[in-house]
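Hi,

Here is the structure I promised to pass on. Have a look at it first, and then read my notes below.

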Amino acid sequence: MKKLLIAMMTTAAALSMAVTAEAADKLKACWVYVGPIGDFGYSYQHDQGRLHAEKELGDKIETAYLENVSEGPDADRAFERLAREGCKIIFGTSFGFMDPMVKVAKKFPDIKFEHATGYKTSENLGVYNARFYEGRYVMGQIAAKMSKTGVAGYIVSFPIPEVVMGIDAFMLGAQSVNPDFKLKIVWVNSWFDPGKEADAAKALFDQGADIITQHTDSTAALQVAEERGLKGFGQSSDMIKFAPNAQLTSNTDNWGPYYVERLKAVLDGTWKTDNVWLGIKDGAVELSPFTNMPDDVKAMAEATKKKIADGWNPFTGPVFKQDGSQWLKDGEVADDGTLLGLNFYVKGVDDKLPQ
Amino acid sequence: MRLELVKRPQRSALFSALSPFIAFALTLIAGAILFALLGIDPVSAFYTYFISPISEVWQLHELAIKAAPLILIAVGLSVCYRANIWNIGAEGQFTLGAIVGSMVPVLYPELEGPIVLPLMLLMGMIGGGLYAAIPAYLKARFNTNEILTSLMLVYVSQLFLDWLVRGPWRDPQGHGFPQTVQFNDSAILPELMPASGRANWGFVFALVAAVVVWIMMSRMLKGFEVRVLGSSPRAGRFAGFGLNRMIFFAFILSGALAGLAGISVVSGEINQLKPVISPGYGFAAIIVAFLGRLNPLGIVAAGLVLALTYLGGEAAQTALGVSDKVARVFQGMLLFFVLGCDTLIHYRIRLVGLRAKAPAPDPATAGKLGEAH
């Protein structure tokens, strides 16, 4: 039995070597997505980045991807598979892929890994992220201008710093327009669950919110807003098709330029591990066209966007924590380290952060 | 016009043996049509799907990793289902096993040595077993429907895990992210052959469990008791077998095996607790149990086949660029044909015309799909 097994394994190994030997000398770049690319949100947008890279770099690269990879034990295998199938650089696009990527990166030192939204780096594992909070600040301002009830609803996935940062930035933006603005929050404990997201949107509207925003990946909440004749914001990609009368703007991720830059670096041999956090300034965070709002609101949003692009940080003091204590003094700017580990709300958020 | 499933007086031994192959052939035909419609060469699709995952040593390891929890859980479930006890909550017992087993490395991270791992595995089994005892108690004491209680406890366990890793068990060094500390080396299930791939001892546990349960079911009085109580509780009572004792036995056994699967996955693969630790193993194992015809050795084969379709689906994504949805449709077709063929061994289809009103079917021989197990 054991002999048979060994014989089988060696034949199999020989076969597989014959197959890999004929692989072309194109750079193979691979992606692992947490959701389906048809989510029209986060994973879709990463895939758009992949397609953009394919278009830009043409026949110098070939790409492959795995979608809908669960953040549990399957993630290890996904990265292992891509590493074994000849990928030279692998992008993992969800926070939960962090430790699997650390493990696999250690095992394949010649392959380059790039992890979105994590914090662990090594020789061949870089980290990239986008300052989504910049767009959310602008969205908060718009919400405060547009809301009649002075209440917005916010659908969120998991209480990680990334998400808390978005809530705080939205709230600060809203308060800059209307200091009494209220924010109601529903946790759905999923990145992609259209059913739950729609239910959450309905519940928030029923509780008096008239504007909805979300840190989840589907178009469901915005579609509920459309049905009810209310307003909302898109997430990750421009969702105007799904809510032509409801979407005010969408906080869009534009990964294409970064992917092209990194692939070029691999091609010319200058790739080094990095830890970048790109924003509106770099074109990685884009706000899709401001629609369904009067011109003065549009002008205000444009002005804020420009201010941020010019280097102003929405987390500039004075800012108070939810418990009333002061976080940032007058003119003090939050440093990136604090933001990346953010685990508290700013003043005025009507929710208890799950601890 | 309507269709009726009528129980065959006796099943054909020939077709029982041939059924998996017929099902496989039907899957290939339907799959070829599917792939051809998508503009993909069916031959290369089948190669990618069924051959490529077993053509490389590392992939055999991955196959073992993926199959191990499926087999381990399904073997336990087969005892339940033979006894006509419907434990649907293996996913929850898996989760609780992982949580209880992880108490050691999470709460005592500095504890090292050879005692750690056996202790974790034992605690994992206890955790899963005790969690399964809840629906068992409710059924034995209050005659509650165990399908509902065991299923609902899945959600309870998942939310409990979620709360733990965001709250009391969160890694204080983890920048506020929802995960526990990484297990230390003595809390990690060793790999079998680290030189060639990642497969760990979980697969060995699965094989041992399958053999032990097979011996119990076919050679020991306990197995006889399970089968008698399952097919005829009345006859079982006359034989002096206690139904309530059997409810506890079946639930705790399957819960303990699911718990062992849970702690094996967490210890061997994830090395820490996170909000998501299972891609639905506890539910997929239900399919595996029936695919293996509730026979522990058949379950080993069924677990490997189902694991193969997962790996094949991924290979098809990267090699052919087909969507993961197509891979799942194909997996669904395979299961549909296998279970469909098995059903037709036990039942035949009768067309009942509207005009010629057939005499009411004899309740003793007419069956419905739901009773086809």
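A definition before anything else: a crossing of two helices is left-handed if the near helix is turned anticlockwise from the far one by less than a right angle, and right-handed if clockwise. Helices (H or I, at least four residues) and strands (E, at least two) are DSSP runs, numbered from the N terminus.

Some housekeeping: this is a predicted model, where local features need pLDDT of at least 70 and side-chain atom pairs count only at pLDDT 80 or more, while totals for chains, interfaces and linings use all residues. Residues are numbered from 1 along each chain as its sequence is written, and chains are lettered from A and ligands numbered from 1 in the order in which they are written.

Now to that crossing, in chain B. The axes of helix α4 (residues 90-107) and helix α5 (residues 116-142) of chain B come within 7 Å and cross at roughly 145 degrees; axes here are lines fitted to C-alpha atoms, for helices over the stretch in contact, with angles running from 0 to 180 degrees between N-to-C directions. The crossing of α4(B) and α5(B) is right-handed. In the contact of α4(B) with α5(B) there are 17 nonpolar residues, seven polar and no charged. (Ala, Val, Leu, Ile, Met, Phe, Trp, Tyr, Cys and Pro count as nonpolar, Asp, Glu, Lys and Arg as charged, and the others, Gly among them, as polar.) Among those on the α4(B) side are B:F94 and B:L96, and the α5(B) side includes B:L119 and B:Y131.

How do the chains meet? 26 residues of chain B are in contact with 34 residues of chain A, contact being C-beta atoms, placed from the backbone, that lie within 7 Å. α3, α6, α10 and α12 of chain B each give two or more residues to the side that touches chain A, and α3(B) gives the most, with four. That side of chain B divides into eleven nonpolar, seven polar and eight charged residues.

Over in chain A, UniProt (an unreviewed entry) places "domain: ABC transporter substrate-binding protein PnrA-like" at residues 28-308; its positions are in the numbering used here, feature names are shortened, and annotations may be inferred rather than shown by experiment. That span is 42% helix and 22% strand, and its end C-alpha atoms lie 36 Å apart.

Ten of the eleven residues of helix α3 (residues 74-84) are buried, so it is largely enclosed by the rest of the structure. Buried means that 20 or more other C-beta atoms lie within 10 Å of a residue's own; exposed means 12 or fewer, and partly exposed is in between, with C-beta atoms placed from the backbone. After α3(A) comes A:G86, with a positive phi near 95 degrees. Helix α2 (residues 42-57) of chain A has buried residues too, including A:Y42 and A:A53, and their cover includes β1, β2, β9, β10 and α9 of chain A. Just after α2(A), A:G58 has a positive phi of about 55 degrees.

Finally, two single residues. A:K307 sits in helix α10 (residues 295-309) of chain A and is partly exposed, with 15 other C-beta atoms within 10 Å. B:F241 lies in the loop between α9 and α10 of chain B and is partly exposed, with 18 such atoms within 10 Å. Leaving aside neighbours within four places in sequence, the contacts of B:F241 include B:E225 and B:M246.

Cheers

Note on methods: Contact = placed C-beta atoms within 7 Å.
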